[in-house]
Amino acid sequence: MFTQQLVNGLTIGGIYALIAVGYTMVYGVIQLINFAHGEIYMLGAFFSVTFIIILGMPFYLAFVLAMVCGAVCGMLLDRIAYKPLRQSPRLACLITAIGMSIFLQNLAMLIWGSRPRPFPSTALPAYFNKTWHFESFSITGFHLFIFSITIIMMVGLNLLIKKTRFGKAMRAVAQNKTMAALAGINVNRVITLTFAVAGAMGAAAGLMVGAYYNSIYPTMGYLAGVKAFAAAVLGGIGSVPGAMLGGIVLGIAEAMGAGYLSSLYRDGISYAVMIIVIIFIPAGFFGVLIKETKKSI
Amino acid sequence: MKGKALRRGLILGLALVFCMTTGVLAADTIRIGVASPFTGDLAAYGDNIKAGVSLKLKEINGAGGINGKKIELVWGDDLCQPKEAGTVASKFANDKSIVAVIGHLCSSATLAGMPIYVRAKMPVISPTSTNPTIGEVGKGWFFRNCYTDDFQGKYLASYVVKDLLGLKRVAIFYENNDYAIGLKDSFTAGAQAAGLAVTGAEAYVAKTTDFTPQLTKLLKDKPDTIFLCGYHPEGALIAGQARKLGFNGPLFGADGLDNIDYIKIGGEAANNTYMTVPFLAAAGGPAAKQFADNFKAETGREVDWMSANAYDCLAILADVIAKAGEDREKIRAGLAAMSSAENGFDGVTGLTYFNEVGDCSKPAFVKKVEGGEFVTAEK
């Protein structure tokens, strides 16, 4: 059972990690908890279903396009909701984020209806349903797909941040916006692109969850968003490797908690893990503790 | 500038409130509240209730209403959440023009609303809340047009698992709410009496999408069948994930699973699922078949038990109001007077009459999913 729970935990943990990275990147550059990020994840799932059912696209194309749409949604979100408030207190942005979250949820409800809908399973590649049985666990092609996509994206994101000019600009903006602007970096463009990258990864996560659990509904982003936020905090908000590790740890803690302790408290277990980590390592696994200044709120 | 905008907003708000309150003043209609989840995850159920009562409403008002007065329905969206149910209940209870309530759909919502209705002396008839304890909380103001889980759980154990499926080892996977816990308890009692072995019981919370940890734990004990004790959105996902984890035996559940979405979401995995339902058009009399046809013509979809029960709820209320008058107290007395088979109401879901706590005894039917469709399950 242990190995199977590990597989279960890694699957959901990888997904949490993908979403958590979106939270943490945005927080890194503008110190905003983007609560509407869960909704981008939900939209990603809906976009892909729409592409597959209405436009008859093959799965991989829909996957890529959903990520593009997620990126566009992320940018629009920033442009419409957050950019006008760039100079306002952080609390105003935070409340706007919550407002956008509620707005997007209800918009999706209006467009696609509130009934949960299945992912068109016929569109999925055949190897997704192939199951390999081992002594103590079984694993499907879909598990492997989620693992590999998660790993590819994480590695890609790391390269993007560490090796490219954009990554360098992003890190500079995260450190000090004014100085970055003085050095000739277009801060607003960096922020917009950060939202785009976060949106694309969120949309990919939404698509994979929708297809894996076979259920897509307008409120699906809420719980996933909260969990991913917990993962981001666990890893140290603002730290990308932290968010990745936080997601995986949270996923495994949840699966093990539900498997060995009480299944009723699986959500509670994940939050308990978060709280315990914050008590003993307040900055999370990789976060840097910054002294709160008066200006920040 | 700011002040002006504020003033404009205020005026607009006041105008809105005024518009809303004036609607209430029209007294030539009989107003009945209908409480269900019309949005949210269980909106599909609310849709069923709406379709059922709307069909009856059309029939009643088309025939001239009750004693010359038209019926008007007031919708209350409780999202199947106890908290929201309390708000809806207060709204209905305080609106003096509402004489009775059809609802709530979910047992936990009904349990939350009932104390408020009792204080306001509002008669409530639920088409779907099956939790056995509601009758006591209702203190004579609650009636239901469906069986209780006491009956349903035992029936599932003694008939569906033991006789129909002929299986012994059952794993229970239940949702953590009043409906599913009541059902699980009565099933467990029934299973004990029927000599079945319950290999494990795990709980989940509504809106979860990942059930693999609990399923892995349940499947470790090699059950013959899994009891999906909850509602269809989660049930369909559990079915899919159980199949992915290599479980190929039959699944079964209660009325909470009965929705076409169970098949739509579950897909292939939904096949070989058995469920008890209070209404099955194919197994009912001519009135039931006529109703099923009308329902299909009106909504374009197959009838389900919730719509049928909701349809009958409004029919019962209309009947009582016509006889007793349009007053909360009198309607309650009228409903309570339907206490035996002779003075019961014969609707599309069969004969309804209430015992002292408002429960009624109705038969259960069993259907199963086969080849992506619901069919009547026969031994």
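Helix 10 and helix 11 of chain A are oblique to each other, the class left for angles that are neither under 35 degrees (roughly parallel), nor over 145 (roughly antiparallel), nor 65 to 115 (roughly perpendicular). The model is predicted: local features need pLDDT of at least 70, side-chain atom pairs count only at pLDDT 80 or more, and totals for chains, interfaces and linings use all residues. Residues are numbered from 1 along each chain as its sequence is written, with chains lettered from A and ligands numbered from 1 in the order in which they are written.

The axes of helix 10 and helix 11 of chain A come within 8 Å and cross at roughly 135°. Axes are lines fitted to C-alpha atoms, for helices over the stretch in contact, and angles run from 0 to 180 degrees between N-to-C directions. Helices (H or I, at least four residues) and strands (E, at least two) are DSSP runs, numbered from the N terminus. The crossing of helix 10 and helix 11 of chain A is right-handed; that is, the near helix is turned clockwise from the far one by less than a right angle, anticlockwise being left-handed. Helix 10 of chain A contributes A:Leu250, A:Ala253, A:Glu254, A:Gly257 and A:Ala258 to the contact. Helix 11 of chain A contributes A:Arg266, A:Ile269, A:Ser270 and A:Val273. Contact requires C-beta atoms, placed from the backbone, within 7 Å. Five of these residues are nonpolar, two polar and two charged. Nonpolar covers Ala, Val, Leu, Ile, Met, Phe, Trp, Tyr, Cys and Pro; charged covers Asp, Glu, Lys and Arg; the others, Gly among them, are polar.

Chain A also touches chain B. Each chain provides 29 residues. Helix 10 and helix 11 of chain A are among the elements that each supply at least two residues to the chain A side. Helix 1 of chain A gives the most, with four residues. The chain A side holds 12 nonpolar, 14 polar and three charged residues.

Chain B is divided into domain 1 (8–147 + 287–352) and domain 2 (150–277), with bounds from an automatic or database domain assignment. Their centres, taken over C-alpha atoms, are 30 Å apart. In the contact, 14 residues of domain 1 meet 15 residues of domain 2. Helix 4 (residues 107–119) of chain B gives the most to the domain 1 side, with three residues.

Helix 6 (residues 149–165) and helix 7 (residues 178–194) of chain B have axes that come within 7 Å and cross at roughly 45°. Helix 6 of chain B is therefore oblique to helix 7 of chain B. Their crossing is right-handed.

Note on methods
Two residues are in contact if their C-beta atoms, placed from the backbone, lie within 7 Å.
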